[in-house]
Amino acid sequence: MAMKTCSVCEEEQWEDLVDDEGICESCRKNFAIPRQSPALRPLTPCRRCGGRVIVRCRAIRERGASGGDYVHAYIAPLAATFARATRETLFRKRTVEQNKPDLAQPAGVFEAYICRACGLTEIYTRDPETIPIGPEYATELIEVPSGETPFR
Ligand SMILES: [Zn+2]
Ligand SMILES: [Zn+2]
């Protein structure tokens, strides 16, 4: 198998460990880099200053840490909520939801679009239809009455 150089760590690796963006699996995970995807914000100028250069931040990453003395620091994407942890029961091999969130499963990852000139920042959320709704997720649906129009 051929070797490929990761564009982030610049280490040579087996090519199946380096994806089509040229990033290796461990860098993808360590830097919490979401895969390439279409931009969520329409390609319109900044609504405040008319600026035409936008910084897309594919994930708003936050610092996490675990361990009593915060020895294990990592970065993770900021998201609307987290899925619930599940486990398989031995009985009938059913999957049941547990009484805690699964911190490895953020749902509704936030993206930021920042005007390079004035800094106005718009937040968009990836895959909004997948965000679980309920008090245990700290989410709820509110419906806009019909007759209300956008862009007022
Ligand atoms: Zn790498
Ligand atoms: Zn602007």
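Author: Happy to! Please keep in mind that this is a predicted model. Let us begin with the zinc ion (ligand 2), whose site is tetrahedral, with angles of 101 to 115° among its four donor atoms. For comparison, the ideal angle for four tetrahedral donors is 109.5 degrees. The SG atoms of Cys46, Cys49, Cys115 and Cys118 are the protein donors here, and they lie 2.3 to 2.4 Å from the zinc ion (ligand 2). Along the chain, these donor residues follow the spacing C-x2-C-x65-C-x2-C. Two of them, cysteine 49 and cysteine 118, link distant parts of the chain, being 69 residues apart. You will find cysteine 49 in the loop between helix 1 (25-30) and strand 3 (54-57), while cysteine 118 sits in the loop between strand 7 (95-115) and strand 8 (121-125). Cysteine 49 is partly exposed at a relative accessible area of 40%, and cysteine 118 is partly exposed at 28%.

Now turn to the zinc ion (ligand 1). Its protein donors are the SG atoms of Cys6, Cys9, Cys24 and Cys27, 2.3 Å from the ion, and they are spaced C-x2-C-x14-C-x2-C in sequence. This site is tetrahedral too, with angles of 103 to 119° among the four donor atoms.

Here cysteine 24 and cysteine 27 are both buried. Cys6, Cys24 and Cys27 also belong to the largest nonpolar core, a group of five residues that includes Val18 and Ile23. Leaving aside residues up to four places away in sequence, cysteine 27 touches Cys6, Val8, Cys9, Ala32 and Ile33.

Conventions
Residues are numbered from 1 along each chain as its sequence is written. Chains are lettered from A and ligands numbered from 1 in the order in which they are written. This is a predicted model: local features need pLDDT of at least 70, side-chain atom pairs count only at pLDDT 80 or more; totals for chains, interfaces and linings use all residues. Side-chain values use heavy atoms; hydrogens and water are left out. A nonpolar core is a set of buried Ala, Val, Leu, Ile, Met, Phe, Trp, Tyr and Cys residues joined through side-chain atoms within 4.5 Å. Buried means under 20% relative accessible area, exposed over 50%, partly exposed in between (1.4 Å probe, protein chains only). Contact means heavy atoms within 4.5 Å. Donors are N, O and S atoms within 2.8 Å of the metal (3.2 Å for Na, K and Ca); water is not among the atoms, so sites may look incomplete. Four donors count as tetrahedral if all angles lie between 85 and 135 degrees; four count as square planar and six as octahedral if opposite donors are over 155 degrees apart and all others between 65 and 115; anything else is irregular. Helices (H or I, at least four residues) and strands (E, at least two) are DSSP runs, numbered from the N terminus.
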